[in-house]
Amino acid sequence: LTNAVEMAMKKCRNCFQDLKYYALKAFDNEEHWTKLNELGFDNYDNDRNSQSLLLLFMRNLHTVATKYSALLAAVNFTAANILEIKTLADALDTANQQQNQFINERPGLTTKRIKAYNKFWDKVTLVARAAKRIYREDPDQFNKYLLPATHEPDLVLNLRGKVINAANGEP
């Protein structure tokens, strides 16, 4: 979902760069420079990397481009180009909403996954307890069913044979 949002944002940024070319042609004198700011030229650098800000930027860009559609059409930025701004903004909005929905659902998915792992772990511990009963006199088999007591690597907990008390030499 993040990739979908990133792709939608990239398309929006590319769309703005296309519009920028035509807007600079249409509003090429000082009296029209305020129109460039209305189109978001002064906000773009701040908004282009934020999902929510870029979405608002694109919505505003569509509104202002529609407002100046006659002037933009004079330099070949057509109504279809203006409609594409809205289409891309809608696509970004949809991708953003899907991502947010997944983020909101994630705790529930995590809970389901933890329950499934715990169910599996219960079976593993049951087998380990049974093996400890069955193989209590066979250290090699007994050690195969030992479960790690901590998060240490298996090499640290890999016990083989009898454990002998170093102080008195007894098992």
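The structure is a predicted model, in which local features need pLDDT of at least 70, side-chain atom pairs count only at pLDDT 80 or more, and totals for chains, interfaces and linings use all residues. Residues are numbered from 1 along each chain as its sequence is written, and side-chain values use heavy atoms, with hydrogens and water left out.

The mean pLDDT (the predictor's confidence in each residue, from 0 to 100) of the chain is 85. A value of 70 or more is reached by 89% of the residues. Confidence is highest in helix H4 (residues 51-67), with a mean of 94. It is lowest in helix H8 (residues 154-157), with a mean of 54.

The chain has eight helices and zero strands. Helices (H or I, at least four residues) and strands (E, at least two) are DSSP runs, numbered from the N terminus. Along the sequence the pattern reads α-α-α-α-α-α-α-α. Of the 171 residues, 25% are buried. Buried means under 20% relative accessible area, exposed means over 50%, and partly exposed lies in between (1.4 Å probe, protein chains only). Contacts are heavy atoms within 4.5 Å. Among contacts in the chain with a separation of 6 or more, 57% join residues 24 or more positions apart. The chain exposes about 12200 Å², and carbon and sulfur atoms supply 54% of this area. Accessible areas come from the Shrake-Rupley method with a 1.4 Å probe; for residues, only the protein chains shown count as cover.

Helix H1 (residues 2-26) has 25 residues. Its first and last C-alpha atoms are 36 Å apart, close to the 36 Å expected at 1.5 Å a residue. The expected span is 1.5 Å times one less than the number of residues. The buried residues of H1 include Val5, Met9, Phe16 and Leu19. Their cover includes helix H2 (33-38), helix H3 (44-47), H4, helix H5 (69-73) and H6.

Leucine 61 lies in helix H4. Leucine 61 is buried because its relative accessible area is 0%. Not counting residues up to four places away in sequence, leucine 61 touches Phe16, Leu19, Leu39 and Ile85. Phenylalanine 16 is 45 residues from leucine 61 along the chain, yet their C-alpha atoms are separated by 8.3 Å.

Phenylalanine 102 sits in helix H6 (residues 79-134). Its relative accessible area is 36%, so phenylalanine 102 is partly exposed. Phe102, Ile103 and Leu109 form a nonpolar surface patch, with about 240 Å² of accessible area together.

Patches are made of residues with over 30% relative accessible area and no salt bridge; like charges are joined within 9 Å, and nonpolar side chains (Val, Leu, Ile, Met, Phe, Trp, Tyr) within 5 Å. A salt bridge is a side-chain nitrogen of Lys or Arg within 4 Å of a carboxyl oxygen of Asp or Glu.
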